[in-house]
Amino acid sequence: HPLLVQICRCVTALPPVCLLTLQRWLATYGAPDMGVMVGSLETFVAIRVMAHYQLTPRDADELQAVVMVLKLLDEANSDNLENPLAYTEFYNDAVNENTNWADDYSRLLHKRFAFSGFPFLLDTQAKARILQFEAQDQQNRAYQNAIFQQLLRGPETPYCVFRVRRDHLIEDALTQVMHHARDLKKPLKVVFEGEAGIDQGGLQKEFFQLVVREIFDPKYGMFTAEETRLFWFNPDTLELDGEYKLIGA
């Protein structure tokens, strides 16, 4: 292990032009040979993660050297168009199953070593968790900034308020998205026109349920329902891109 770490440090210390040359050479390796190299490095990462619940500064330093070489291998593998190693072979189960993602994302924000900065190691579930933390962080920042601007410049709501009609839900939702473009990272509040009630989370949940139900209804024409109960984009749809942007497509 000490030798492996030293080799990785030497590799990561190479000048950029040398790293590029090395990457091109590694791209000529087929899946079996690439798998051997990746497996050795992934095993080191797994052992180190399993051995320490909280990474020490030394752990972080050594892991960064090894993970940077894994990143080099991942990029070289992506350049291999003939016989690449499956991208899932770069996933590290120990990292995905044992990392405290809240702490890890906090380290990333403070520009310290974090697995969040190396997505090729992470499976879909781990990436989804990181996206949640990122969205929450952006929402908190937008809310705090609105409060600060309120103190400096006068009235400014710290929320993104959508006012929609139930019988024109999609149309109104698209209008609100365009109207509140600079407020979309603020916490969302939903108001149904003509109805009394303060959104404490229930109206927001109902709003998203209704939007998803209407947009994915085959009668609306945006998606087609297959026999496997999966939905796919309707190639013959007459809807504009805005409708797809509304659901994040």
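1. Salt bridges come to 10 in this predicted model, counting a side-chain nitrogen of Lys or Arg within 4 Å of a carboxyl oxygen of Asp or Glu. As the model is predicted, local features need pLDDT of at least 70 and side-chain atom pairs count only at pLDDT 80 or more, while totals for chains, interfaces and linings use all residues. Residues are numbered from 1 along each chain as its sequence is written, and side-chain values use heavy atoms, with hydrogens and water left out.

2. Helices here are DSSP runs of H or I with at least four residues, numbered from the N terminus. Arg48 and Asp59 are both buried, meaning under 20% relative accessible area, where exposed is over 50% and partly exposed is in between (1.4 Å probe, protein chains only).

3. Arg48 also forms a salt bridge with Glu62, and here the closest N and O atoms are 2.5 Å apart. Because Arg48 lies in helix 3 and Glu62 in helix 4, the pair ties together parts that are 14 residues apart in sequence. Glu62 is buried, as is Arg48. A network of salt bridges links Arg48, Arg58, Asp59 and Glu62.

4. On to the rings: the whole structure holds nine aromatic pairs. Rings of Phe, Tyr and Trp (its six-membered ring) pair if their centres lie within 6.5 Å; planes under 30 degrees apart are stacked, over 60 edge-to-face and the rest tilted. Tyr87 and Tyr91 are edge-to-face because their planes stand at 75°, with centres 6.0 Å apart. Tyr87 is exposed at 58% relative accessible area, whereas Tyr91 is partly exposed at 21%.

5. Phe207 and Phe208 have ring centres 5.3 Å apart and planes at 65°, so this pair is edge-to-face. Phe207 is buried at 3% relative accessible area, while Phe208 is partly exposed at 42%. Elsewhere, one aromatic cluster is formed by Phe90, Phe113, Phe115, Phe118 and Phe120.

6. Finally, charges over rings (NZ of Lys or CZ of Arg within 6 Å of the ring centre and within 35 degrees of the ring normal). Arg166 sits over the face of Phe192, 4.1 Å from the ring centre, and Lys189 over the face of Tyr159, at 4.9 Å.

Key. Helix = DSSP H or I, 4+ residues; strand = E, 2+ residues; numbered from the N terminus.
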